[in-house]
Every structure is written in structure tokens, then in C-alpha cells.
Amino acid sequence: MRFLLSWLVCFSLAVAADTAEWQQYKTVGATSVEYRHNAEKLLEVRAQTEVNATTAAFLHLLEDTANISKWAANTEKAQLLGQPDANTHIVHTYFTAIWPVSKRDMVTQSVWQQDADSGVVTMIVTDMGQHFPAVKGYVRMQQVEGRWTLTPLAAGRLKIQYQGQADPAGKLPHFIGDKVALKSVLKTFQQLQQALPAYQRP
């Protein structure tokens, strides 16, 4: 009975965390960023914007790892480690250090698919860091999860939505890591506006 009560309490806490209300961080023009914390106090971020672009342009942008620092905030570089198929990419991303945060890196797998009827593209990002050796001078991020949704709109517009989380790991106070993450997400989504036109091709 005691076990059952304990399980019910844990389950209730988990449900409460899953349904925690999103809080507004900032809205700038068509770009908005929200956040909440899960049961493990890990920051979850939700962001969206609208741009003049196609889904193909966004996918070309992601494939151009050599120029990731031009649009993804605080990134140093990214390396494509593998491409098991046309829709799957394994990428090692390195992040610059912003005082008092040390340099970070992460290894992720991104798998995208497109709905034939609506044209909506979804991309699921999962953590692959545990399968690759640590890099000296970088703290390996953990529990990286994300979901991108690209929705074609009228008049050549594209809605870009993201929801995800990542544990910065290392000895980093949550309030500092959260502040850096939120600022980075907002800046990244704003920079997409300038970066995507260069990738408008089939």
C-alpha cells in the first residue's frame, strides 16, 4: 500500500510537471520565446517565428553546418558525423564560452519527415552524446531533446516552431544556464530571418 501511495504521488508530480504553464520570456515582432521547468528543474523552451521562406530553405540551412555560426547563437562550429539516410543527420556542435559559462558541446541526431498532404515538416532531435568520446576543453551537454515543426503558410510564409530541452551539465547554476539559453534561443530565431533568404532553392 505504501508503495502504491508513493507511486501515485510521483505520478501526480510528473503529470503536474508535464502540464506546467508556459511563461513568456520575450516577444519581438513575429518571434516569441516561452519557457517552463520540468520535474527535474530542467529548462524547457518553446519558440516560434514566421519568415518568408520555404521548408526546403530551412532544411538546406541545417545541412550547411560550415556556416552554423552565422545564424545559431553562441555556436563555434558544427561537424557532420554521419548521414545514415537522406532524412537523418548526426551532428557534433561546439558552443562558444560566454562568461561565466564554459565551452559546451553536444552530439545530436536529427530525423525529419514531411506530411504529403499538408507539407508540414517535423524534425525530431535526440541526444547521441553518450556514444561519442568527450572533447578536451568542452563540457558535454546531456538530455538534449527537441522538435522542430515547419508549417507552410499563405503568400510564401513559413511558421517555424521549436520545443526542446538540454542539460548544460557541469557546475553551472540553473539560473545562469537558463538565462544564457533563453537569450540564445531568441537571438537564433531572430537571425533566421536574415539567414534563410540565402537558402531559397529547391
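**View 1. Arg140 and its salt bridge with Asp105.** Arg140 has a relative accessibility of 13% and therefore counts as buried, a term applied under 20% relative accessible area, with exposed meaning over 50% and partly exposed the range in between (1.4 Å probe, protein chains only). The side chain of Arg140 meets that of Asp105 in a salt bridge, at 3.0 Å from N to O, where a salt bridge is a side-chain nitrogen of Lys or Arg within 4 Å of a carboxyl oxygen of Asp or Glu. This pair links distant parts of the chain, since Arg140 belongs to strand β8 (residues 139-140) and Asp105 to strand β6, 35 residues apart; helices (H or I, at least four residues) and strands (E, at least two) are DSSP runs, numbered from the N terminus. Asp105, at 0% relative accessibility, counts as buried. The model is a predicted one, in which local features need pLDDT of at least 70 and side-chain atom pairs count only at pLDDT 80 or more, whereas totals for chains, interfaces and linings use all residues. Residues are numbered from 1 along each chain as its sequence is written, and side-chain values use heavy atoms, with hydrogens and water left out.

**View 2. The salt bridges Glu76–Lys103 and Arg36–Glu44.** In the salt bridge between Glu76 and Lys103, the closest N and O atoms are 3.2 Å apart. Glu76 lies in strand β4 (residues 75-85) and Lys103 in the loop between β5 (88-95) and β6, so the pair ties together parts that are 27 residues apart in sequence. Glu76 is partly exposed at 29% relative accessibility, and Lys103 is partly exposed with a relative accessible area of 31%. Arg36 and Glu44 form a salt bridge whose closest N and O atoms are 3.5 Å apart, and both of these residues are buried.

**View 3. Strand β7 and its pairing with β6 and β9.** Five of the seven residues of β7 are buried, so this strand is largely enclosed by the rest of the structure. Strand β7 pairs with β6 in the antiparallel sense over seven bridges, and six bridges join β7 to β9, again antiparallel; two strands pair if DSSP finds at least two bridges between them. Ile124 of β7 stands opposite Val111 and also opposite Arg147 in β9.

**View 4. Asp127 in strand β7.** Asp127, at 16% relative accessibility, counts as buried. A polar atom of the Asp127 side chain lies 2.9 Å from the backbone nitrogen of Gln143.

Note on methods:
A polar contact is a pair of N or O atoms within 3.5 Å; within protein, one must be able to donate a hydrogen and the other to accept it, and residues adjacent in sequence count only if both atoms are side-chain atoms.
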